[in-house]
Each structure stands twice: as C-alpha cells, then as structure tokens.
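Welcome, and please take a moment to look over the model below. We will walk through it together, one region after another.

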Amino acid sequence: MSEHTGRVLRFSRGIPPIEAIPGDRLAEQVRAVLDEFGPTMFQYPPIGSYLGDPALREQLAKAHNADPDHIVVTTGSLQALDLLATRLLTGDSPLVYVEGPTYDRAARIFERHGARVSSIPVESDGMDIGRLRDRLRDEVPDVLYTIPDFQNPSGVTLSGEKRRELVELAEVYGFTVLEDIPYRRIRFHGTPPPGLGEIAGSARVITIGSLSKVLSPGLRVGYAVSDGDTARTLATLSEGVYLSPVPLCQAVAARCLRLGIVDENVARIVDLLRPRHDAAEAAVRAMIGDAMLAVPGGGYYIGVRLSVDEDEQSFIDRASREGLALIPGSAFYPRAERRPPGELFLRLPFQSLTPDEFEAGVGRLSTVISARTRL
Ligand code: PMP
C-alpha cells in the first residue's frame with residue numbers, strides 16, 4: 001500500500017465554500033441595521049418577542065405561505081430540532097424513524113433525548129415507503145424525521161408520489177413528520193416537488209428551515225414552521241435556555257430576505273455549484289457508477305453504497321494512506337444499528353472541491369476499493 005505524499009483530499013465536512021457567502025453584502029446590512037436600530041440591537045430583546053424578530057418572521061411567513069405566529073426563529077436549525085425533540089419526545093421510550101442513512105447530528109439529538117432511533121432505508125427516490133408501511137404495522141413512531149431534498153448524506157430527493165404517500169401515512173397512523181429543508185433551494189436541475197408541509201397543510205408536518213446554506217451559517221438563523229401552540233411551546237423552551245436568538249443576526253437576516261439578497265445569493269450559489277455537481281457526477285459515474293445512490297441534481301452530496309467486505313475503520317485507514325479523508329458511513333445511522341456486513345456507505349461532498357480535486361478524490365477512492373478486491 002502506498003503512503004500518499006500529495007495533498008489530502010477531503011470528502012468530509014458539508015459546509016459552504018467561503019465564496020458562497022456574500023460577505024460584502026452582509027457587512028452592508030450589518031451597518032444598515034445598526035444605523036436604523038442603534039444600541040437597541042445590543043439590548044435584551046423585548047419581552048414577548050421570544051418567537052423571534054417580527055420582521056424576520058414576517059419574511060419567513062411569506063416564503064412559506066404561513067401564519068407568522070406559527071413560526072419560531074432558532075439559533076440555527078439544529079436548535080429547532082433540539083427544541084422539537086424536547087416537545088415531541090415525551091413518553092417513556094419514544095420512537096423516531098429516520099432515513100438510513102440520515103444526518104448524523106440529527107440522529108445524535110434524538111438519541112440524546114432518550115429516543116429509540118430506527119432507520120428506514122433510502123432508495124434512489126427517497127425513503128423506501130413500502131418498508132415504512134411494514135414498520136408502521138409493528139409500531140407507530142412519535143416522530144418521523146426526513147430531509148426530503150438532496151438529502152444529507154445520500155443526495156437523494158423524495159419523489160412527489162412518495163411525498164403524498166408519506167403525508168397520508170402520517171394522517172392515518174397519527175405521527176408527526178419533521179421535514180428538514182436546508183438544501184431545498186440549492187437546485188441545479190429539474191423542478192422541485194412540493195414540500196411536505198405544503199402537501200399536508202396541517203400540524204402533522206413541521207418544517208425546519210435554515211439560512212445556513214442560502215446566506216450564511218455563521219449568522220446561526222434557523223426556524224420551525226408548525227402550529228401556534230407548538231411555536232409558543234418552542235419559544236418558551238428557548239426562553240428558558242438562551243432567551244432568544246441574537247437580535248443583530250435576526251435583523252440582518254430579515255433585511256437580506258426583504259431586499260432580495262437571499263434570492264440573489266441562491267442564484268449565485270447555483271451558478272457556482274452546478275459545474276461542480278455535474279463534474280462530480282460524471283467522475284463518480286465513470287469510476288464507481290454502480291455504487292451511486294442517485295444523481296442528486298442539487299445540494300452538496302453524492303452518496304455511494306459500496307460492496308466491500310471489510311471492516312469500516314480499516315477501509316477508512318487505507319483511504320487515509322491514499323491521501324483521502326472520509327467520514328465512516330456508520331456515523332449516518334442510529335448508534336444502536338449495526339451495519340449490514342459487506343456494505344459500506346460513503347458521503348462524497350462536492351460543494352467545496354474543484355472538479356479536478358473531486359475527480360482526483362474519486363480516483364483515489366477507486367484505488368482503495370480495487371486494492372481490497374485484489375487482497
Ligand atoms: N439539517 C441538515 C440536514 C443539515 O445538513 C444541516 C447542516 N449541515 C443542518 C440541519 C444544520 O443547519 P444549521 O446551520 O441551520 O444549524
């Protein structure tokens with residue numbers, strides 16, 4: 001096995017490339033907000049504003065065609081997930097269904113709240129709904145968590161048909177769906193299916209949104225769109241921990257939404273990332289095409305499922321010696337689940353690599369795969 005001497009290529013973090021963040025535009029808005037509101041931006045927010053900045057909630061309500069009183073602003077969408085877990089996972093041994101694979105931090109939040117977390121496998125068009133139906137006959141979860149668009153980590157999108165089936169199952173069996181949609185607007189090809197919240201039009205579906213991938217993750221602005229009762233409960237919970245999200249960040253976010261800076265930035269990000277996506281897809285198709293779960297068409301990630309009869313850590317270590325940093329795919333599954341032997345999942349983020357770097361990374365990956373095959 002060669003010890004790689006070149007630069008390490010990282011198929012690891014899913015953060016925006018710095019050029020996707022409109023630094024100058026954000027700085028202008030910070031100044032404008034301070035000119036308009038002065039030192040009150042550095043005061044405690046007024047009592048009764050714990051749902052979040054009213055101007056921001058008004059913008060978010062417009063974007064989601066929702067009542068502003070149904071929206072609560074949180075410190076990033078992860079905070080919304082944590083508060084929702086507190087609100088919804090109240091029984092003795094609550095059950096959460098997630099996609100397999102799923103967003104690792106979300107799975108860890110549910111586990112920390114004492115839930116049994118169980119995965120339903122994803123297919124090229126999203127969660128396997130047949131499998132979900134079977135599981136529902138055994139046990140109905142308190143919550144089903146899904147990332148319906150360009151899923152982190154697999155890149156798959158839930159089809160329109162499956163979205164309707166999922167909402168119908170939630171109504172029939174009476175469980176809550178949490179849809180997490182940070183990548184929804186980062187679309188390079190095709191037309192978007194309707195959101196689960198739009199299909200349901202009821203409190204059965206709670207939508208969790210974020211400005212991290214369309215404007216700035218450092219602002220830490222996320223939100224949940226639910227019903228008035230849930231929104232008030234989440235606001236009371238957050239008030240008890242950190243009072244409210246940072247006023248300055250919320251006011252900047254509100255201006256960026258109102259002045260069309262978010263829309264402009266989405267268009268810029270799509271132009272920036274589309275060539276990276278297209279080149280990444282071509283590289284994966286050419287070198288390990290059978291393993292690709294789906295052509296994402298948006299977002300940050302291509303997911304691959306490899307038939308590798310090898311211990312996961314040993315595979316990751318061999319990749320590291322080839323100059324390739326990978327996250328063990330098992331991180332994207334509930335801790336209580338053992339991975340099926342012979343199968344290895346990997347997330348390949350393309351958003352921060354140039355086409356040449358990504359292609360070189362997949363080249364190294366295919367070397368790691370074939371070296372094992374020859375053992
Ligand atoms: N949900 C998903 C599916 C994500 O991929 C991420 C960020 N990688 C988050 C939530 C967290 O977003 P935020 O920065 O809004 O907390």
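Before we start, one working rule: two residues are in contact here if their C-beta atoms, placed from the backbone, lie within 7 Å. With that in hand, find Ile302, which sits in strand S10, residues 301-307. Leaving aside residues up to four places away in sequence, Ile302 touches Gly155, Ala280, Glu281, Val284, Met292, Pro296, Leu348 and Phe350. Is Ile302 buried or exposed? A residue is buried if 20 or more other C-beta atoms lie within 10 Å of its own. Ile302 has 29 C-beta neighbours inside 10 Å, so it counts as buried.

Now let us step back to the whole model, which is predicted. The protein chain averages a pLDDT of 95, and 98% of the residues score at least 70. For the complex, the predictor gives an ipTM of 0.99 and a pTM of 0.97. The UniProt record, an unreviewed entry, places the feature "domain: Aminotransferase class I/classII large" at residues 37-362. That span is 42% helix and 18% strand, and its end C-alpha atoms lie 50 Å apart.

What lies inside? In soluble globular proteins, nonpolar side chains tend to be buried together. In this model, the largest nonpolar core has 100 residues, and those with the most contacts inside it are Val72, Leu84, Ala224 and Ala253. Helix H9 supplies the largest share of this core, 7 residues.

Next, turn to the ligand. Which residues are closest to it? Of the 13 residues that surround the ligand, the closest are Gly76, Ser77, Asn152, Ser210 and Ser212. Helix H3, residues 76-88, gives the most to this shell, with 3 residues. Sorted by class, the shell has 5 nonpolar, 7 polar and 1 charged residues.

Asn152 leads us on to some details of the backbone. A cis peptide bond joins Asn152 and Pro153, with omega at about 20°. Pro153 is in the loop between strand S6 (143-146) and helix H6 (160-173). Another cis peptide bond joins Gly100 and Pro101, where omega is about 5°. Look for Pro101 in the loop between strand S3 (95-100) and helix H4 (104-112).

Two further loop residues are worth a visit. Arg220 has a positive phi of about 55° although it is not a glycine, and its place is in the loop between strand S8 (205-210) and strand S9 (221-225). Arg220 is buried, because 20 other C-beta atoms lie within 10 Å. Leu243, also a residue other than glycine, has a positive phi near 65°. Leu243 belongs to the loop between helix H8 (228-242) and helix H9 (247-258). How do its surroundings count? With 13 other C-beta atoms within 10 Å, Leu243 is partly exposed.

Definitions and conventions
Residues numbered from 1 in each chain as written. Predicted model: local features only at pLDDT ≥ 70, side-chain atom pairs only at ≥ 80, totals over all residues. UniProt positions renumbered as here; feature names shortened; annotations may be inferred. Helix = DSSP H or I, 4+ residues; strand = E, 2+ residues; numbered from the N terminus. Buried ≥ 20, exposed ≤ 12 C-beta atoms within 10 Å, placed from the backbone. pLDDT = per-residue confidence, 0-100. Near = placed C-beta within 6 Å. Nonpolar A, V, L, I, M, F, W, Y, C, P; charged D, E, K, R; others polar. Core = buried A, V, L, I, M, F, W, Y, C linked by C-beta atoms within 7 Å.
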